[in-house]
Amino acid sequence: MKHIPLRSCIVCRSSKDKSELIRVVRRPDGEVVIDKTGKEAGRGAYVCDSGDCFSTAIKKRALDRAFKQKLPQDIYDGLAAAIEDDGKQ
């Protein structure tokens with residue numbers, strides 16, 4: 001039987017399969033991006049794929065706490081736009 005990795009959402013704290021969550025990563029150069037492969041190098045944080053958790057993460061600036069640094073608002077705006085683009089496809 002294959003081991004399925006579990007990760008916790010930084011907003012609702014529910015544990016889910018890694019594949020059911022969106023990974024946001026802070027790369028070693030400081031850039032924050034959505035990691036579609038799940039293998040990008042850097043500090044990662046997981047958010048539920050539902051729009052509710054992601055919008056709450058943006059509103060409450062949960063990624064600031066996860067990455068232990070204050071992120072500029074344009075990063076949150078870019079992540080929100082990327083999630084909307086993925087939902088339309």
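Keep in mind that this is a predicted model. Start with Asp35 and Arg23: their side chains meet in a salt bridge, with N and O 2.5 Å apart. Asp35 sits in strand β4 and Arg23 in strand β3, so the pair ties together parts that are 12 residues apart in sequence. Both Asp35 and Arg23 are buried. Why do such pairs turn up at all? Side chains of opposite charge can pair when their charged atoms come close.

How many salt bridges does a search of the whole structure find? It finds four. Another one joins the side chains of Glu31 and Arg27, at 2.8 Å from N to O. Is Glu31 buried or partly exposed? Its relative accessibility is 39%, so Glu31 counts as partly exposed. Arg27 is partly exposed as well, because its value is 25%. Arg27 and Glu31 also belong to a network of salt bridges that includes Glu40. Elsewhere, Arg61 pairs with Asp64, and their closest N and O atoms are 3.0 Å apart. Asp64 has 14% relative accessibility, so it counts as buried.

The largest pocket holds about 250 Å³. Strands β3 and β4 and helix α3 each supply at least two lining residues, and β3 gives the most, with three. What kinds of residues make up this lining? Seven are charged, five nonpolar and three polar.

Notes: Residues are numbered from 1 along each chain as its sequence is written. This is a predicted model: local features need pLDDT of at least 70, side-chain atom pairs count only at pLDDT 80 or more; totals for chains, interfaces and linings use all residues. Side-chain values use heavy atoms; hydrogens and water are left out. On a 1 Å grid over the protein atoms alone, a cavity is a set of points where a 1.4 Å probe fits but cannot get out, and a pocket is an open set with protein on both sides within 12 Å along at least five of seven lines; lining residues have an atom within 4 Å of a point. Grid points are joined across faces, edges and corners, and a volume is the space filled by probe spheres set on the points. Helices (H or I, at least four residues) and strands (E, at least two) are DSSP runs, numbered from the N terminus. Ala, Val, Leu, Ile, Met, Phe, Trp, Tyr, Cys and Pro count as nonpolar, Asp, Glu, Lys and Arg as charged, and the others, Gly among them, as polar. Buried means under 20% relative accessible area, exposed over 50%, partly exposed in between (1.4 Å probe, protein chains only).
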